[in-house]
Amino acid sequence: MEINQRIRDREIRLIGENGEQLGIMSADAANRIADERNLDLVKISPQAKPPVCKLMDYSKYKFEKTKKEKEAKKNQKQNELKKIWLSMTIDKHDLETKARSAAKFCSSGNKVEVSIRMKGRQQAHARLGVDVMRDFYNIIEDVCVIDKAPTTEGRNILMILAPKTATKK
């Protein structure tokens, strides 16, 4: 955005600080008017013939703009990735309890990462861990959908679940 002395156009259309038309004049004359009123001359429409400039307090304008951007950013909802750890030897009741908390996370709009860390000889039977993951998903399939299928990555088995409303079928 061009302001004050950077505006070099031969003719500009000047708009006052309250929105009134001040007419077509040279950029030097508009700068003198801006200096008299202790305001800045800001080019707001450079493509127009002649370009449109406005008298305003530019630092106040920038402050208000950043304030509005911060407010808009604050009102946006950040989706988080919640984590739930299971074990390969988890009991049915414990699995249901963890599934309820995962369903609560999904219903509030968050994604859920479900993981199992295999220890020792469990690594030789990774398919059992994948079966535990499938059982876990079967409990909460009415609330969540699988975003990333259960995969074995080293000593871990990972699955990511997303809320049903957030995904498009």
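Biologist: Cys53: buried or exposed?

Modeller: Cys53 is buried, at a relative accessible area of 0%. Buried means under 20% relative accessible area, exposed over 50%, partly exposed in between (1.4 Å probe, protein chains only). This is a predicted model, where local features need pLDDT of at least 70, side-chain atom pairs count only at pLDDT 80 or more, and totals for chains, interfaces and linings use all residues. Residues are numbered from 1 along each chain as its sequence is written, and side-chain values use heavy atoms, with hydrogens and water left out.

Biologist: How many disulfides does the structure hold?

Modeller: One (a pair of cysteine sulfur atoms within 2.5 Å). Cys106 is joined to Cys144, S to S 2.2 Å. The link of Cys106 and Cys144 is right-handed, with 130° about the S-S bond.

Biologist: Which parts does the pair tie together?

Modeller: Cys106 sits in helix H3 and Cys144 in strand S7 (residues 144–153), so the pair ties parts 38 residues apart in sequence. Helices (H or I, at least four residues) and strands (E, at least two) are DSSP runs, numbered from the N terminus. Cys106 and Cys144 are both buried.

Biologist: Now the core. Which residues have the most contacts inside the largest one?

Modeller: Leu86, Val114, Phe136, Ile140 and Leu161, in a nonpolar core of 23 residues. Such a core is a set of buried Ala, Val, Leu, Ile, Met, Phe, Trp, Tyr and Cys residues joined through side-chain atoms within 4.5 Å.

Biologist: Which elements give two or more residues to this core?

Modeller: S5 (81–86), H3 (92–107), S6 (111–117), H4 (126–140) and S8 (156–163). H4 gives the most, seven residues.
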